[in-house]
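Biologist: I am new to this structure. Please show it, and then take me through how its features are read.

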Amino acid sequence: MTDESKPNGELPSIIFFCRDCQKVISNPQKQGAKYEYKCGVCKGTDVAFGTRKSIMDYFRLKEKDLVAESKEQVAESRG
Ligand SMILES: [Zn+2]
């Protein structure tokens, strides 16, 4: 019995936004026991997080800005 399972199976709408990179990041690293997160790109700790809506409103983001790392650059070279 897991009441936490949403009927629609939607993902949690919490997103992370690095103020240094000025972009949404998808893989922040948690800083110890604090509620701090480190950006995996610039290693900065100026990472804000919140619901998708709040982050979008606060930083005035657009939908396209939320497409974080959807296109991973696979540097696989075929020989
Ligand atoms: Zn960053």
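Modeller: Buried residues make up 11% of the 79 residues in the chain. A residue is buried if 20 or more other C-beta atoms lie within 10 Å of its own, exposed if 12 or fewer, and partly exposed in between, with C-beta atoms placed from the backbone. This is a predicted model, in which local features need pLDDT of at least 70, side-chain atom pairs count only at pLDDT 80 or more, and totals for chains, interfaces and linings use all residues. Residues are numbered from 1 along each chain as its sequence is written.

Biologist: Which pattern does the chain follow along the sequence?

Modeller: Helices (H or I, at least four residues) and strands (E, at least two) are DSSP runs, numbered from the N terminus. Here there are 1 helix and 5 strands, and the pattern reads β-β-β-β-β-α.

Biologist: In what order do the strands of the open sheet come, and is the pairing parallel or antiparallel?

Modeller: Strands of a sheet pair through backbone hydrogen bonds, either parallel or antiparallel. Two strands count as paired if DSSP finds at least two bridges between them. In this chain 3 strands form an open sheet, ordered β2-β1-β5, with antiparallel pairing. β2 (23–25) and β5 are the edge strands, each pairing on one side only. From one strand to the next the twist averages 40°; axes are lines fitted to C-alpha atoms, for helices over the stretch in contact, and angles run from 0 to 180 degrees between N-to-C directions.

Biologist: How many bridges join β1 and β2?

Modeller: Strand β1 (residues 14–18) pairs with β2 over 3 bridges. Within this pairing, F17 stands opposite V24 in β2.

Biologist: Which strands does α1 touch?

Modeller: α1 packs on the sheet and touches β1 and β5, its direction making about 125° with that of β5. Contact means that the C-beta atoms of two residues, placed from the backbone, lie within 7 Å. Of the contacts in the chain with a separation of 6 or more, 44% are between residues 24 or more positions apart.

Biologist: What is the phi of K43, and what is that of R60?

Modeller: Most residues other than glycine have a negative phi. K43, not a glycine, has a positive phi of about 65°. K43 is in the loop between β4 (37–38) and β5 (47–51). R60 also has a positive phi, near 55°, and lies in the segment after α1 (52–59).
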